[in-house]
Amino acid sequence: REDCELKDQQQSFSGVGAKHQNARAERAIQTIMAMARTYMIHVGLRWNERGTDNLSLWPFAVRHAMWIYNRLPNVVTGLTPNELLTRYSADHTDLSRSHVWGCPVYVLDPKIQDGGKIPKWKRRARLGQFMGFSEEHSSLVALVRNLTTGKISPQYHVVFDDRFHTVFGVDYDPDVVARIDEEVWIDGHDYYAEEEFDSDGELIYSPPPLEDCWLTEAE
């Protein structure tokens with residue numbers, strides 16, 4: 001609040017249980033969540049091996065959806081959210097260099113990146129998965145997931161396969177799409193953890209109870 005006062009910014013809050021009073025923000029969140037779910041389903045259909053469609057990657061899908069959303073011009077005003085925030089006009093070159101989230105990428109061998117040489121028959125690049133762009137480096141630096149270790153690191157010397165031509169997927173199946181969508185909807189929100197028991201059936205963790213003000217008369 002003090003920071004907002006220093007910058008001559010005002011805050012307003014919606015009432016408890018009245019999210020409709022903050023309609024613009026709620027609509028933007030809905031759009032971003034729908035984009036992220038689309039990314040997850042698309043990867044699940046085009047490349048469903050080595051954990052590429054693991055639901056633990058959901059936060060990266062959401063972050064990339066935010067990256068895209070903040071750079072898309074509004075249909076009415078022609079301005080992007082970033083332009084409204086910074087008050088500077090953009091040339092939208094960021095969109096021209098964007099890539100499909102979750103697509104295969106080929107990272108150049110580190111020795112070659114440093115100007116060195118490797119044996120003639122050794123692979124020049126390694127397969128990884130695109131997780132969006134880094135927020136801590138140059139805007140051209142991609143976040144790449146190592147398919148073996150699961151580690152995600154910033155990489156610059158990469159080639160993107162936006163059309164998934166170099167990997168295998170599955171044929172379109174409505175049942176598969178419905179299953180993936182259902183799993184994403186279940187895990188795509190915050191919730192309390194369930195009770196945990198050890199191998200002997202003893203309770204080892206119980207989620208904290210809700211305050212009385214949140215409970216109904218029956219509860």
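Which residue in β5 does valine 105 stand opposite? Phenylalanine 160. A few notes on what surrounds that pair follow.

1. Before you dig in: this is a predicted model, where local features need pLDDT of at least 70 and side-chain atom pairs count only at pLDDT 80 or more, while totals for chains, interfaces and linings use all residues. Residues are numbered from 1 along each chain as its sequence is written, and side-chain values use heavy atoms, with hydrogens and water left out.

2. The sheet is open, has five strands and runs in the order β4-β3-β2-β1-β5, with antiparallel pairing. Strands here are DSSP E runs of at least two residues, helices are H or I runs of at least four, and both are numbered from the N terminus. Two strands pair if DSSP finds at least two bridges between them. At the edges sit β4 (152-155) and β5, each pairing on one side only. From one strand to the next, the twist averages 45 degrees; angles run from 0 to 180 degrees between N-to-C directions, with axes being lines fitted to C-alpha atoms (for helices, over the stretch in contact).

3. Now β1 (residues 104-108). With β2 (residues 125-133) it pairs in the antiparallel sense over five bridges, and valine 105 has glycine 128 as its bridge partner there. Three bridges join β1 to β5 (residues 158-160), again antiparallel. On that side, valine 107 stands opposite valine 158, and valine 105 stands opposite phenylalanine 160.

4. On to the helices: α2 and α3 pack with their axes 8 Å apart, at an angle of about 125 degrees. That makes α2 oblique to α3 (under 35 degrees is roughly parallel, over 145 roughly antiparallel, 65 to 115 roughly perpendicular, and the rest oblique). In contact terms (heavy atoms within 4.5 Å), α2 residues including Ile32, Met33 and Tyr39 meet α3 residues including Trp58, Val62 and Ile68. By class, that contact has 14 nonpolar, two polar and one charged residues. Nonpolar covers Ala, Val, Leu, Ile, Met, Phe, Trp, Tyr, Cys and Pro; charged covers Asp, Glu, Lys and Arg; the others, Gly among them, are polar.

5. Two arginines are worth a look for their backbone. Arginine 50, in the loop between α2 (23-46) and α3 (58-69), has a positive phi of about 60 degrees although it is not a glycine. Arginine 87, in the loop between α4 (81-86) and α5 (93-96), has a positive phi near 65 degrees. Arginine 50 is partly exposed at 46% relative accessible area, whereas arginine 87 counts as exposed at 74%. The cut-offs are under 20% for buried, over 50% for exposed and partly exposed in between (1.4 Å probe, protein chains only).
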